[in-house]
Amino acid sequence: MTELLEQVSMAAASAARSGRSGLERLNAALSAISRLHEDRLANDVRLHELVVAAGQANWLASLSHADRLRGVVRSIIAAGQLSGEFRGGSPMALACCLLDAMDAYLNPSRIKATALRPAFSEMMRFCAKALGNTTFANTAPPQLINIPADLRYKSAC
């Protein structure tokens with residue numbers, strides 16, 4: 001099991017070194033993960049089901065694999081923040097949000113369920129917008145709307 005998951009981690013780390021921009025690196029790493037899981041499902045269902053079972057049962061190999069992937073994504077995001085490509089915030093929190101958003105493409109137990117999800121590239125574009133630094137992208141800032149005080153949301157806290 002460890003070897004199967006290590007293949008995925010190594011492929012993601014290798015792909016992450018292939019791009020120039022942070023977004024290219026993220027796309028390459030996440031695409032490599034998705035492709036490996038899809039290939040395993042298509043070519044060796046028994047191994048795929050073993051990887052699914054390991055993830056669902058929280059085997060140590062699966063938990064270590066998830067930590068390695070978070071680390072790869074976190075480092076890409078941190079580098080993208082340093083270059084100004086990605087918005088500020090905790091690189092680990094942003095990595096976790098990105099991985100959660102991309103779970104349908106990265107989680108072996110969800111790879112089969114393709115009917116109700118956008119294409120990988122569409123989801124990556126969505127995530128890129130969420131991660132992007134609008135100043136870096138030279139986009140106009142959103143228009144602010146002045147809401148009268150009596151219509152503003154009032155927190156119960």
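Helix α5 passes helix α7 in a right-handed crossing. Right-handed means that the near helix is turned clockwise from the far one by less than a right angle. Helices here are DSSP runs of H or I, at least four residues, numbered from the N terminus.

A word on the source. This is a predicted model, where local features need pLDDT of at least 70, side-chain atom pairs count only at pLDDT 80 or more, and totals for chains, interfaces and linings use all residues. Residues are numbered from 1 along each chain as its sequence is written, and side-chain values use heavy atoms, with hydrogens and water left out.

Back to the helices. Two packed helices are described by the angle and the distance between their axes. The axes of α5, residues 91-101, and α7, residues 120-131, come within 10 Å and cross at roughly 160°. Axes are lines fitted to C-alpha atoms over the stretch in contact, with angles from 0 to 180 degrees between N-to-C directions. So α5 and α7 are roughly antiparallel, a label for angles over 145 degrees.

Which residues meet? L94, L98 and A101 in α5 meet M123, C127 and L131 in α7. Contact means heavy atoms within 4.5 Å. The residues of this contact divide into six nonpolar, no polar and no charged. Ala, Val, Leu, Ile, Met, Phe, Trp, Tyr, Cys and Pro count as nonpolar, Asp, Glu, Lys and Arg as charged, and the others, Gly among them, as polar.

Next, N133. N133 sits in the segment after α7. N133 touches G84, E85, F86 and R87, leaving aside residues up to four places away in sequence. G84 is 49 residues from N133 along the chain, yet their C-alpha atoms are separated by 6.7 Å.

Technical notes:
Helices (H or I, at least four residues) and strands (E, at least two) are DSSP runs, numbered from the N terminus. Angles under 35 degrees count as roughly parallel, over 145 as roughly antiparallel, 65 to 115 as roughly perpendicular and the rest as oblique.
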